[in-house]
Amino acid sequence: MSWLFLFFAGLLEIVWATGLKYTDGFSRFWPTIITIVTAAGSFWFLSIAMKTIPLGTAYAVWTGIGAVGAVVVGIIIFGESITFFRLFSVALIIAGIIGLKLSSVD
């Protein structure tokens with residue numbers, strides 16, 4: 001169950017990171033509210049996951065999900081570039097997340 005909470009924490013990290021771009025320096029009300037609420041939710045799910053998943057593993061997986069998701073959102077929504085090196089780097093992050101999950105002893 002902790003891994004499911006960690007996954008939700010990572011998904012919410014993607015939402016708040018995307019929302020942060022829309023806040024325009026926290027000057028737009030609704031994007032700011034969405035960003036704050038989803039950030040709080042992300043931290044809450046992360047804290048629950050950390051009850052049983054080791055700190056280093058949980059934090060690395062959480063940031064990895066957020067990083068990969070942010071790259072995907074950037075490509076799909078914001079038209080950011082798709083290059084071999086960029087996709088290869090994302091693949092390395094995903095490999096690291098999988099490796100941490102497989103080596104976890106919880």
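## Surface and overall build

The accessible surface of the protein chain comes to about 6500 Å², and carbon and sulfur atoms account for 77% of that area (Shrake-Rupley method, 1.4 Å probe; for residues, only the protein chains shown count as cover). This is a predicted model, in which local features need pLDDT of at least 70 and side-chain atom pairs count only at pLDDT 80 or more, while totals for chains, interfaces and linings use all residues. Residues are numbered from 1 along each chain as its sequence is written, and side-chain values use heavy atoms, with hydrogens and water left out.

The protein chain holds 4 helices and 0 strands, so named from DSSP runs (H or I, at least four residues, for helices; E, at least two, for strands), numbered from the N terminus. Its C-alpha trace spans about 45 × 35 × 15 Å along the principal axes.

## Inside the protein

Of the 106 residues, 37% count as buried, meaning under 20% relative accessible area, with exposed over 50% and partly exposed in between (1.4 Å probe, protein chains only). The largest nonpolar core has 14 residues, and Leu6, Leu46, Ile53 and Val61 touch the most other members; such a core is a set of buried Ala, Val, Leu, Ile, Met, Phe, Trp, Tyr and Cys residues joined through side-chain atoms within 4.5 Å. Helices H1 (2–22), H2 (29–49) and H3 (55–76) each give two or more residues to this core, and H3 gives the most, with 5.

Let's look at Leu46. Leaving aside neighbours within four places in sequence, Leu46 is in contact (heavy atoms within 4.5 Å) with Leu6, Ala9, Ala58 and Trp62.

## Aromatic rings

There are 9 aromatic pairs, counted when ring centres of Phe, Tyr or Trp (its six-membered ring) lie within 6.5 Å; planes under 30 degrees apart are stacked, over 60 edge-to-face and the rest tilted. Phe7 and Phe8 make a tilted pair, because their centres are 6.3 Å apart and their planes at 50°. Phe7 is partly exposed at 41% relative accessibility, and Phe8 is partly exposed at 33%. Phe5, Phe7, Phe8, Trp44 and Phe45 form one aromatic cluster.

## Tyr22, Phe78 and Lys21

The rings of Tyr22 and Phe78 are also tilted, with centres 5.6 Å apart and planes at 45°. Tyr22 lies in helix H1 and Phe78 in the loop between H3 and helix H4 (84–103), so this pair ties together parts that are 56 residues apart in sequence. Lys21 lies over the face of Phe78, at 5.3 Å from the ring centre (the rule asks for NZ of Lys or CZ of Arg within 6 Å of the ring centre and within 35 degrees of the ring normal).
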